[in-house]
Structure formats: C-alpha cells, structure tokens
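Please examine the sequence and the three-dimensional structure shown below. The report that follows is intended for a reader who meets them for the first time.

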Amino acid sequence: MQYDNGGELLVAHLESLGIDTVFGIVSVHNLPLVEAVDRHLRFVPVRHEATAVNAADGYGRARGSIGCALTSTGTGAGNAAGSLIEALSAGTAVLHVTGQVESEYLGSGRGFIHETKDQLGMLSAVSTYAATVTSARDAGRVLREASAAALATPGGPASVEWPIDLQFAAQVDAGEAVPSGEAPSPAADGLAAAQALLAESRRPLIWAGGGARHAREELVALLEATGAGLLSSNSGRGSVPEDHPLVIGNFATNPAVRALLADADVLVTIGTHFRSNETADYNLKLPEAHIQIDADSAALGRVYPARHALHAEAAAVLPSLTAAAARADAGWSARVTAVRDEVRAALHDDIGPQAALCDALASALPRGAVVARDVTIPSSSWGNRLLPIHDPRANVFPRGGGIGQGLGMGIGAALARPDEPTVVIAGDGGLAVHFGELLTVAQERPRLTLIVFNDGGYGVLRNMQDKYGERRSGVDLFTPDFGPLAAACALPYARIAAPEEASPVLEAALASDGPTLVEVDLTALGPMKNPFTPPVKIPTA
C-alpha cells in the first residue's frame, strides 16, 4: 500500500485496531500525524502530554483494547513519561507515537529545536516496546510491531518515535504480518498436581488479579463449581460481578479475611502480582497450598512461594482445574458469604457520611459504567473496595499509585463509551496536577461527572503526618473556589455538603448528557469515623 504521508498511514493502522479517537498535543514535530487523524478520526487536543497518555490508557481500558496518544519530541515525550510508567505498571495497551527531529540530525547533539539526548533510551525505560522509524518503508512494520507488543501479555505502552521528515514523506507499506508468540503452556505434571490438590480441597479460596479480566467466564465457572471465596486485587475487580455472593473482593488484609486465609486448605491466584498496598507491605500470610497462574513467567513465585506454578493464560488453564475440582464444604461457602457481608458493613460504617456518596453512586450508575478513580482518600478507602464493580472495563484507576491521573483516564473512558455516563473521583490536590484538563472537558463535552473531594490538600499524607509526626509538611494547599472555576470553564457545577444531598445531586449529574463538576465539601460533610491512612511502613512509628 502507498500513502501520501505518514499521517495517512497512521490513520489506516489505527482504523485496523478499531481506534476512532486519539489524544495528543499538536506540534511542528507531529503535524502530519495530527492533521490526518483530525481529518479522518477524532483528535482530542488535551492540554498536557501526560494526559494524552492517560486518556489513551483510559480509552483502551474502557473498551478492553488499545488507545493512542500523539506527542511531540523532546520535552513533549518527556512529559508523557510519567503516564507511560502508569501504563507499564498496569500492563495496559497504549500506542504512543511521538515526533523526532529530522532524521539527518538524529543524535547530533547540535541543539536542533525539540532535540533531546537519547530519547529512544528514555522511552525504552518506560515502555514495553520502543523503536525509531528509520525510513518511509518501515513505518507500517514498526507501528504493527508496537501495537502487537502493547496488546501482548503482559503488555504495556509501546512508543514509536518518528522523524518529522519521514512523517511528511510518501509511505510504502509492504503490510508484512508481525509474528505472534506462542501461548505459554503449563507443564503437564504441574497441572496434574494442581488438579489433584483441588480435588481434595474443601476450603478453597481464589484470588483474582488483573490477569483474570480476560478469563471472566472461566473464572465464574470455577467459582461456582467449587463454592470457593473470591478475593481480588484492585486490578482484578469486576472479573466476577461484585454482587455475586461468593465475591469477597479487595479486602485481603481485613482481619476476617486473614482468618479465612489462615483456615483455607488451598489458594488459587490468577494473574495477580501481590502489590505492597494489597498485602500490608507483604506481611499478609497466604496458605502454603498455593496454585499460582500467570502468563508472565517472571511473576511466578516472585512475591509468595507457589507450590504449583502454572505458566499459562488463565482462560486456557482454568477449565482443566474446574473439571477436576471438588465442591467446598457447605459451611465454608456460607462462611465466605458471611465474611463478604461483614467486611462491607464494617467499611460502610467506618466511612461515616461518605457512605451516602458511595450508596448514591451505586444506585444511580448504570451497571458496568466506568468509575475512574484518582489516588485520593475516597478512592483508597471505599472507591477501590466498597463501590461495586461489575465489569473489569469499568475499573479504571492508576495502578502504579501516581496522583493526578484520574481525570485524564476518565476523559479517555468517557469518549470511548459516549452513550453512558462516566464518573471521575478525584481529590482537590490530585485535580490541581492537571487543572488545564478542565478546559479539555469544556471543549469536548463528554458525558462525564467529575466529583472533587475537597479537603484543602493532600489528605492521605496529612493523616499520616498527624498520626505519626509532630507537624505537617507540604500537605495543606490553597484550593480554588470550585464554583467560579467551573463557571470560567463553562461547566455546570453542584455542591454536596450533607449526606442527604448526595443522591439528588449525583442523580441529576449522571442524567446529564454532558459534563458536570460536583464538589464535595468534606469540611461541611463531616469526618470519617476513622481517618484513613495507607498501609505503608513508617520506620519511626
């Protein structure tokens, strides 16, 4: 195939991936790409390159596929690096296409505008794949390789740097296919031993991580065949709808769940990497009878020993385990459901007046609608646990823990699924990282409800300093008056200052066909019963 320029080739490639919306910032070093995308698809001009990647990431997560971000070279690519780290941490598919200086000046160090030292090395450090387009004949191959790497397991962002002269050049694409890797397959003796263990088990538990989101039907079949309890990491939420009576959820460190883990006679873990904040900084104890399934061989036994480590895609191996598994004792399954109800009731009580917001969202949101959660107290305390998730594509949050990325992810998710409401949960501190994206929301008018929990700073760290220290440092911030700020951005605004206001305000916002900024005045609403602090070690405590 021949194309007038690189932009036309890029559009053809994006269409082959099913991508209809691209996020980025226009530059002299990506102009042909942006112009072609804007002619044929939808180009969303975000206000910061980090948001371009976050939005592409959220778009891909909400669709269960891949998103695309366009940035400039040098500083532009550098600005994108933090969000690429998030996609790398999460293993989510993002195609990041960045400009580069003219090919004859690559690596010359002469100070060509937007030039930076070893941009490819920087991108390699924060991407699962990184490559340079070196001629007008290899751009198509590079794009296909990048996208295949992003979509493979364990996946992640793929970065392509494209010199501007080669973007303008006519393209010739041979269309050669990218070789696909072989799917991992567990050793036969290891699988047989795992089957035998499940056949004898009467008190089984399952832990679903992000790798379980591609094996939803198979996981439900194993759960219901065994009557096991299902724990999840934050990434695995929604792999089985969370109103299922056997789904305990993201509560592994809760005392009642620790007691279940202590009494379980087998634990099957699926595609989870046991992050520090979900294992009480690795102090959580797991059963010795541990069957670990992961398509990433490096994850097997990395954090916890696995008696049977199965290197496999979950969807391929779970049916074999289900066929061999026995039914749990009836008393065990009943205990699982009782613990499920207990941990939810306890958290609902702990969060005090914020429970009204959780309840209102759960009631008003359509089943499976996206809730993008930035790193903030409401997300970390109840948004990541108590607010029900019924579809893994609805479960959008910064898995690497970086603050300020939630709004960009929510913008991408809302534009990926324009016919249903999307909610963003953010704190005033996190939102301030990318206030400029309020202008993107104002311009694009997605069906997005942005809920800003305003406590005048970084509440999580404030709580830590209040609990363990003698003074506060860097946590109390100036916060704008959100009403006039919303008005300046032509955004509808509402405020919640009491529990009884949560339902009517959120129902109205979610019913809207455009954006709304909802401020939750936490001072007026009142405190939680127990101030939230993250599960991290404080050596001086």
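Predicted model: local features only at pLDDT ≥ 70, side-chain atom pairs only at ≥ 80, totals over all residues.

Residues are numbered from 1 along each chain as its sequence is written, and side-chain values use heavy atoms, with hydrogens and water left out.

**The sheet**

Helices (H or I, at least four residues) and strands (E, at least two) are DSSP runs, numbered from the N terminus. Two strands pair if DSSP finds at least two bridges between them. On this basis, 6 strands form an open sheet with parallel pairing, in the order β3-β2-β4-β5-β7-β6. Its edge strands are β3 (42–45) and β6 (129–132), each of which pairs on one side only. From one strand to the next, the twist averages 20°; axes here are lines fitted to C-alpha atoms, for helices over the stretch in contact, and angles run from 0 to 180 degrees between N-to-C directions.

The chain runs from β6 through α6 to β7 in a right-handed β-α-β crossover. A crossover is called right-handed if, with the strands pointing away from the viewer, the path from the first strand over the helix to the second runs clockwise.

**Backbone geometry in loops**

The loop between α6 (139–151) and β7 contains Pro154. The peptide bond that leads from Thr153 to Pro154 is cis, with omega near 10°.

Another loop, between β12 (266–270) and β13 (290–294), holds Phe274. Phe274 is not a glycine, although its phi is positive, at about 50°. Ala280 is found in the loop between β12 and β13 as well, and its phi is near 55°, again a positive value in a residue other than glycine.

**Buried residues**

A residue is buried if its relative accessible area is under 20%, exposed if over 50%, and partly exposed in between (1.4 Å probe, protein chains only).

| Residue | Relative accessibility |
|---|---|
| Phe274 | 1% |
| Ala280 | 16% |
| Thr226 | 3% |
| Cys358 | 3% |

Thr226 belongs to helix α9 (residues 216–226). A polar atom of its side chain lies 3.3 Å from the backbone oxygen of Leu223. Contact means heavy atoms within 4.5 Å. Not counting residues up to four places away in sequence, Thr226 touches Pro204, Ala325, Ala326, Arg327 and Ala328.

Cys358 lies in helix α13 (residues 355–364). Its contacts, leaving aside neighbours within four places in sequence, are with Trp382, Leu386 and Leu387. From C-alpha to C-alpha, Cys358 and Leu151 are 33 Å apart in space, and they are 207 residues apart in sequence.

**Two helices with a buried side**

An α-helix has 3.6 residues a turn, so residues three or four places apart point the same way. Which residues of helix α11 (residues 314–324) are buried? They are Ala314, Val317, Leu318, Leu321 and Thr322. These residues lie on the same side of α11 because they cover an arc of only 145° around the axis; the arc is that of the directions from the helix axis to the C-beta atoms. Ala316 and Ala323, on the other side of α11, are exposed. The cover over the buried residues of α11 includes α8 (188–200), α9, β12, β13 and β14 (308–311).

Helix α20 (residues 502–511) has Ala502, Val505, Leu506, Ala509 and Leu510 as buried residues. Their arc around the axis is only 120°, which puts them on the same side of α20. On the other side of α20, the exposed residues are Ala508 and Ala511. The buried residues of α20 pack against α13, together with β17 (422–427), β18 (448–454), β19 (493–496) and β20 (516–521).

Note on methods. Polar contact = N/O pair within 3.5 Å; in protein donor to acceptor, adjacent residues only side chain to side chain.
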